[in-house]
Amino acid sequence: MGSVSFSRVIFALKRPGEPFPKMMYEIPGTDEVFISSSTGATTIFDTLGGKWGGITSLLDIFKALIPTLVLRILYPESYLYLAVGFFSILGHIYPVYYRFKGGRGAATISGVLLVLDWFGSLFTALLGLIFGVLVHQVSIARWLGRLLMIPYAWFRFQDPWIILFLVI
């Protein structure tokens with residue numbers, strides 16, 4: 001399921017026959033341009049707008065959240081749900097259907113974290129967002145909340161398997 005690229009599906013439906021776009025970002029303070037071939041929701045947001053970017057993000061969240069949640073409910077004493085979550089993320093980043101070239105996994109990671117601890121996921125994401133806004137860095141806002149889940153989970157669960165999953 002993780003290898004289903006909703007960004008590619010939505011782009012193909014909205015712009016049939018066009019190749020998936022590469023995103024170009026100017027690096028501030030230099031003459032250089034960073035070219036990203038990432039195929040995630042951010043590319044859809046930049047290309048097709050917020051509505052389609054949001055839909056893509058939600059689909060990417062649910063493609064990890066649903067199977068991870070099902071396994072957590074069916075086998076509550078097992079860590080099987082963490083394996084399913086891991087492979088959902090891995091499949092998004094390295095999709096088998098698209099020559100292992102996928103997105104960065106931000107929304108897919110969020111789906112798994114919501115199953116792991118919905119409150120902690122939202123709380124640490126909010127902290128990351130606040131800090132990212134304060135320092136005017138979108139990348140920090142996007143990733144710091146996920147990194148903050150490591151110390152949060154240590155204090156909440158003190159479970160080495162959960163910490164190992166988050167570190168990986």
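S5 sits in the segment before α1 (6–14). This is a predicted model. Its largest nonpolar core contains 20 residues, and positive phi values occur at F100 and at Q158.

**S5 and its surroundings**
- The relative accessible area of S5 is 6%, so S5 counts as buried, the cut-off being under 20%.
- Leaving aside residues up to four places away in sequence, S5 is in contact with T39 and Y98.

**Nonpolar core**
- Y81, L116, I162 and L166 have the most contacts inside the largest nonpolar core.
- Two or more residues each come from α3 (50–74), α4 (80–93), α5 (106–116), α7 (138–157) and α8 (160–167).
- The biggest contribution to this core is that of α5, with 6 residues.
- L166 touches L113, L116, M149, I150 and A153, again not counting residues up to four places away in sequence.
- In soluble globular proteins, nonpolar side chains tend to be buried together.

- Most residues other than glycine have a negative phi.
- F100, in the loop between α4 and α5, is not a glycine, yet has a positive phi of about 65 degrees.
- Q158, in the loop between α7 and α8, is likewise not a glycine and has a positive phi of about 50 degrees.
- Q158 is classed as exposed because its relative accessibility is 52%, the cut-off being over 50%.

Methods. Residues numbered from 1 in each chain as written. Predicted model: local features only at pLDDT ≥ 70, side-chain atom pairs only at ≥ 80, totals over all residues. Heavy atoms only, no water. Core = buried A, V, L, I, M, F, W, Y, C linked by side-chain atoms within 4.5 Å. Buried < 20%, exposed > 50% of the residue type's maximum accessible area, 1.4 Å probe, protein only. Helix = DSSP H or I, 4+ residues; strand = E, 2+ residues; numbered from the N terminus. Contact = heavy atoms within 4.5 Å.
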